[in-house]
Amino acid sequence: MANNKEMRVVKGLDVERYMGRWYEIASFPSFFQPRDGANTRATYTLKEDKATVHVLNETWSGGKRDSIEGIAYKADPKSDEAKLKVKFYVPPFLPIIPVVGNYWVLYVDPDYQVALVGEPTRKSLWILARKTHIDDEIYNLVVEKAKEEGYDVTKLHKTPQSDPPPEGEGPNDNKEMEVVKGVDIKRYMGRWYEIASFPSRNQPKNGVDTRATYTLNEDGTVHVLNETWSDGKRGSIEGTAYKVDPNSDEAKLKVKFYVPPFLPIIPVTGDYWVLYIDEDYQVALVGQPSRNYLWILSRKSQIDDEIFNELVERAKSEGYDVSKLHKTPHSDSPPEGEEGPKDTKGIWFYELFYDCIWVEKEVQIDRCFPELSPQNFDDFWCCQSGARDKQVSKLRIETYSKVAALAFGVEQTKRITFKTLFSRSLKTSKTPQMANKEMEVVKGLDIKRYMGRWYEIASFPSFFQPRNGVNTRATYTLNEDGTVHVLNETWSDGKRDSIEGTAYKANPNSDEAKLKVKFYVPPFLPIIPVTGDYWVLFIDEDYQVALIGQPTRKYLWILARRTHIDDEIYNQLVEKAKEEGYDVTKLHKTPQSNPPPEGEEGPKDTKGIWWIKSLFGK
């Protein structure tokens, strides 16, 4: 159990002196570092805004360099405590999920030569130094300091460091890329055909006629429509692009999508750097800082070999391994509009993983979930690393098989293959045809009157709530900034389960009660931001009963200030939902005890097992 002692954090850290390279002398083992990693180090560089720090973490495993880049920033800019946040995008082979962690500097010596870094849960700890080795006396002093702060120092493992340490960061990593300056965003709009690209896990392996259409939004952002055809079906994804730094003239953009296509709840943000564009805005070269992705685009579906070779040479000069470029097949006359049957289930999103899944071998889910396995660290690690070269992505993808298994309700005791998950996804993706009727949403909601506790009278079953949950309720509290603190509670098998989040208006200038609710999941490792819609479709004059839905009509809730309501009122709300196009046969009444449980009555499920069980359909 974590020590309740308040940790002492360095105050008045000189961030400029803290920059540079630090070697990992020792650390707590963690699932996000290779188990056999050596020469592990971090390099910090202060950015121009003086408020954020570029982070480069490196380690060597099996003779190969692994690295991840991110940014660090103060959790509270007004505080003098060295409590920072570090944001990375993971996994390394498909960096789409933002992961934010704490980085608290617990000690640094006067000469900024050794440092002790931890975080509030005391699950992670690092001893860092400017040199690859430190004296035993200094090491023991730092360990003693960690012990005083409540850490279990028996978990510390020393990190092997060679002498001298490896130099450089791999081929081309140090070269600064040249990015187009002063791009005319209006001229850049329209359709672009993908002439060639680096293969990536976010595009179908057999995709043809791939293209992007950009449209300027009123607020200056860009609507992005990416399309590809695979096995005769059109796959597409829509998102938004915007400048990283609105005050810069460099064409460094971010593109945000919501994935996966069949349940777009996870925001995914990537870099989009325009490295070259010709004077007539007919051909373009697009990349991103890690050099893992590259695209050659054109206004036409085919370009001359001479122009293609010039673009390839330019990419080569920017440090790209152009041997990875694959030309994209295009038909003589490109498809128009939304020609071809649309892949509404997002099957292309799965098929793109076929080349790196262990299809021929079965995956045991409980190997990949520490909460469900007796050998916590070792079993979780087996899903993250343990092999290199061709197998490393296969092992890492087991984690994705695990997540997919949860999402599609595969039994934990059942041995599964990716094909099993794939067939399950087809079944779970089938939904009745949505009504085309525009939903009526409450206007002029009095947000202050809406605050307080609401009991769930009935709802559509969902994977993110326990199947056998009772006494389910939500408590809303208005924050000072106008957002709403959300506390959702339910009782399952005698234990209280809960999740907290934040709600806010989707459009602050609209009087419609269309809100967004953001949570961080899963409960046992809340790192993935999940945002959903919360539309108030009806509320009575006394703010005693409410009907809540969202635009896809997949979710519906009937709420009340009391644990039970009259059948007449209930039937009226059901009829209202039916008028709005909901399939009310899916409504399930929620058992509520009388009186309801108070406070945080009952033992709490601290491991988030309810979340796992709910995904298993239990």
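Colleague: Why is Trp 192 called buried?
Modeller: The relative accessible area of Trp 192 is 0%. Buried means under 20%, exposed means over 50%, and partly exposed is in between, all with a 1.4 Å probe and protein chains only. Trp 192 at 0% therefore counts as buried.

Colleague: What kind of model is this, and how are residues numbered?
Modeller: This is a predicted model, in which local features need pLDDT of at least 70 and side-chain atom pairs count only at pLDDT 80 or more, while totals for chains, interfaces and linings use all residues. Residues are numbered from 1 along each chain as its sequence is written, and side-chain values use heavy atoms, with hydrogens and water left out.

Colleague: What makes Tyr 188 and Trp 192 a tilted aromatic pair?
Modeller: Their centres are 5.1 Å apart, with 35° between the planes. Rings of Phe, Tyr and Trp (for Trp, the six-membered ring) pair if their centres lie within 6.5 Å; planes under 30 degrees apart are stacked, over 60 edge-to-face, and the rest tilted. An angle of 35° falls in the rest, so the pair is tilted. Tyr 188 is buried too, with a relative accessible area of 4%.

Colleague: Why is the pair of Tyr 293 and Trp 295 called stacked?
Modeller: The planes of Tyr 293 and Trp 295 are 10° apart, and the centres 6.0 Å. Tyr 293 and Trp 295 are both buried. The structure holds 15 aromatic pairs, and ring pairs also link Tyr 18, Trp 22, Tyr 44 and Tyr 103 into a cluster.

Colleague: How do you know that Glu 148 and Arg 8 form a salt bridge?
Modeller: The N to O distance is 3.5 Å. A salt bridge needs a side-chain nitrogen of Lys or Arg within 4 Å of a carboxyl oxygen of Asp or Glu, so this pair qualifies. Helices (H or I, at least four residues) and strands (E, at least two) are DSSP runs, numbered from the N terminus.

Colleague: Are Glu 148 and Arg 8 buried, exposed or partly exposed, and what else is linked to them?
Modeller: Glu 148 has 42% relative accessibility and counts as partly exposed. Arg 8, at 44%, is also partly exposed. A network of salt bridges links Arg 8, Lys 145, Glu 148 and Glu 149.

Colleague: What makes Lys 576 and Glu 580 a salt bridge, and how accessible are these residues?
Modeller: Their closest N and O atoms are 3.2 Å apart, which is within the limit, so the pair counts. Lys 576 is buried at 17%, and Glu 580 is buried at 2%. Lys 252 and Glu 250 form another salt bridge, at 3.4 Å; Glu 250 is partly exposed, with a relative accessible area of 22%. The whole structure has 15 salt bridges.

Colleague: Where does Ala 115 lie, and why is Ala 115 called buried?
Modeller: Ala 115 is in strand E7 (residues 114–118). The relative accessible area of Ala 115 is 0%, so the residue counts as buried. Ala 115 and Glu 24 are 91 residues apart in sequence, and 9.8 Å apart in space, C-alpha to C-alpha.
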